[in-house]
Amino acid sequence: MATLRHQIATTTLTLTKFRELMHRMQENRPNDDLEIIRKAYEYSQKYHEGQTRASGEPYLIHPLEVALVLAEMKMDPVAVAAGLLHDSVEDTSVTVSDIRREFGEQVAHIVEGVTKISKIDFATREEQQAENLRKMMLAMVDDIRVVLIKLADRLHNMRTLEHLPPERQQKIAKETLEIYGPIAHRLGMGKIRGELEDLGFRYLDPIAHQQLYEAVEARRKKGEAFLAKVDQVLRDKLKEAGIMARVESRIKRVYSIHKKLVRQHIGIDQVYDLCAMRVITRSVQDCYAVLGIIHNLWRPVPGRIKDFIAMPRPNFYQSLHTSVITEEGTPFEIQIRTEEMHKMAEEGIAAHWKYKDGPVSAQDEQRLAWLRQVVEWQQDVSDPTEFLSTLKIDLYPEEVYIFTPKGKVVVLPRDSTPIDFAYTIHSEVGHSCTGAKVNGRMVPLRHKLHSGDIVEIITQPGHKPSRDWLSVVKSSRARNKIKHWLNIHQRERAIEIGRKLIEKEARKYRVSLKDIKDEDFQKVSSDYGLGRADDLMAGIGYGKYSARQVLGRLAPSANQPMVEPGAEAEGLTSAVRRVFGGDTNAIRVKGQGDLLVYRARCCNPIRGESIVGYVTRGKGVAVHSLNCSNVVNLMYEPERRIDVEWARDDGTPSSYPVKLTVFCDDRFGMLKQLTSVISDTKTNIRNIEAKTGNGQAHIDVVIDIADLKHLEQLIVGVRKIPGVHDVQRLQKIN
């Protein structure tokens, strides 16, 4: 009886959701044939029968919720049907061929694409993660509906994340903030992006989220009262001017506030755009008229007026932004846009995505141009770390708008240089760039460009890019093109050096290289895990392999002992360790003998962190934290990268100096609470300094840390102290 009641309740629940879905589709797309959605629901119901989610609810609720999100996006029936079927191939006995037979090629193609993305594990090692992201980018270019369904799927999963274990919550939340939030942003889908980010933040850093949420809620009532007052004043003025417009008001999203606090190292009382208003008009002309009315009502903040109507963002976001101050001294932000612009800002690429009539429109193709560029630029990137870092830059840039002398607008990341601008024009213009004029004045190539600058590039035939440029460029296109050029030319030089070194060793041991066959070179290259003899010569030139060891394997009869690849003399190893110091016994090169290894001083990696090795000339292998800012610039030569790992802990106590900066309120007892928390985790303090001003403080503290787990435990404890806004680890210790 109980089972029967449960079945009836389940059927009623799913049927109610399905009716809601059909009602939404009939509202949004009244002229479409919705039979394919009904058929997909019945098919999904049949094959998900008896399955439940971690929450205990019927599994069918999930595809129905995903389909509802897609319906809210006003997606076509094919996309909504694919949303209902998106888990069928992965979680039931259904195959892609079955879907194709029942629902046609389009639905099958989309479901197959979503299934492939669902299998991607972004928490895998870098090489796999980079390859997975490449697949995802290509799937987006192929059919954007694949990723729109995946975003809807992720949104519902985030809404029900509380039913999963904490470690799964952390993993999924991190993936959401690093991958799916930025993709939603780049597709212009502000509404979904905002919810994904807030939910991700809530699970990834629950302490910071709770503190900030409470701080915002404490100010909400006052903020809403202020906005209601301002709202009425503005409505009256618009009515007086005869402008038809909607006025909306809101309190800024929690994650958006968090990013601002971290970026600017300020307290919540210093967030001036906590309160924001939006005016939605009927025409572009009205937008500019409203801007004039607002500036007559309240004093504008200089430098805070942004015209994204004349110069839209790369994701096609358009609005006028202005920050103003009331007579009482309260600042707030106002956005002004048309109904069409508002729809685009909220729904993004989904706002105009229509497949019903076959191929996509030219306008929609243009909306995907940025994605095609990303895929194209990444073709030259072979290093996984570099791919991941440049992809994040591409997905989530802060832009400046630069003009060519002929008035064409070029969009670049914030703090870009004339070199970035040159590479945007053409690769050869970038390579041969020797100088630049900004607004008619000569500037150095390191000069940071600002929105509105007119830039003219000066070139010289035969001029070549410099490695130093990597430390100043900001755009992934410029970085990739420079690295590609350097990689080719550095490799040629390394091969040449490698040949000279092996020839020198051969002369020393009276070995004739002419007598060594090409097959022998190929065999030794294979022993080192390399494809060609040139790769082996390049490795010798970079200092990755010893010319003497290679010769010993090529000509075992030479007067020297045979040595396995990677083995080194212990005396030299000890000397390097004495010079560079640190607990280098804790790190070893994967699959190699006792190579010279030392922890890089720029980032001081600690046990448990993800690390990467970089072969230096004459110093051995420098080991960097994977998050080290120098890694991206160093790794443009993939041959010099080497896999390293933390050796098994032998129980010998070891510690690493780590510098933390604590951003907090300047209040009585803060320092005492901080040192108490550090003491409670049995952590030694080497040095502590505090600076205060404007009611805020930042405290630098150098402590001895045993491993990454110890550090994370300490940071969690410090963040729980009332008044602490953020805790950051400084990589370099003076």
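Modeller: A definition comes first: two strands are said to pair if DSSP finds at least two bridges between them. This is a predicted model, and with that in mind we can begin with strand β14, residues 611-616, and strand β15, residues 620-625, which run antiparallel to one another and are joined over 6 bridges. Within this pairing, isoleucine 611 has serine 625 of β15 as its bridge partner.

These two strands belong to an open sheet of 4 strands, whose order is β13-β15-β14-β16 and whose pairing is mixed. At its edges lie β13 (597-599) and β16 (641-642), each of which pairs on one side only.

Another open sheet, also of 4 strands, has the order β19-β20-β18-β21, and here the pairing is antiparallel. Its edge strands, each pairing on one side only, are β19 (685-693) and β21 (724-730), and from one strand to the next the twist averages 15 degrees. Inside that order, strand β18, residues 656-665, and strand β20, residues 696-705, pair in the antiparallel sense over 10 bridges, and tyrosine 656 stands opposite isoleucine 705 of β20. Helix α28, residues 708-719, packs on this sheet, where the helix touches β18, β20 and β21, and the direction of α28 makes about 155 degrees with that of β21.

Confidence is highest in helix α14 (residues 284-297), at a mean of 94, and lowest in helix α25 (residues 570-580), where the mean is 40. Residues 354-360 have a pLDDT below 50, and beyond near neighbours in sequence this stretch makes 11 contacts in the model. The pLDDT is also below 50 over residues 560-584, a stretch with 50 contacts in the model beyond near neighbours in sequence.

Even so, α10 bends by about 40 degrees at threonine 176, and the helix is followed by glycine 188, which has a positive phi, near 75 degrees.

How values were computed
Residues are numbered from 1 along each chain as its sequence is written. This is a predicted model: local features need pLDDT of at least 70, side-chain atom pairs count only at pLDDT 80 or more; totals for chains, interfaces and linings use all residues. Side-chain values use heavy atoms; hydrogens and water are left out. Axes are lines fitted to C-alpha atoms, for helices over the stretch in contact, and angles run from 0 to 180 degrees between N-to-C directions. Contact means heavy atoms within 4.5 Å. The bend at a residue is the angle between axes fitted to the seven residues ending there and the seven starting there. pLDDT is the predictor's confidence in each residue, from 0 to 100.
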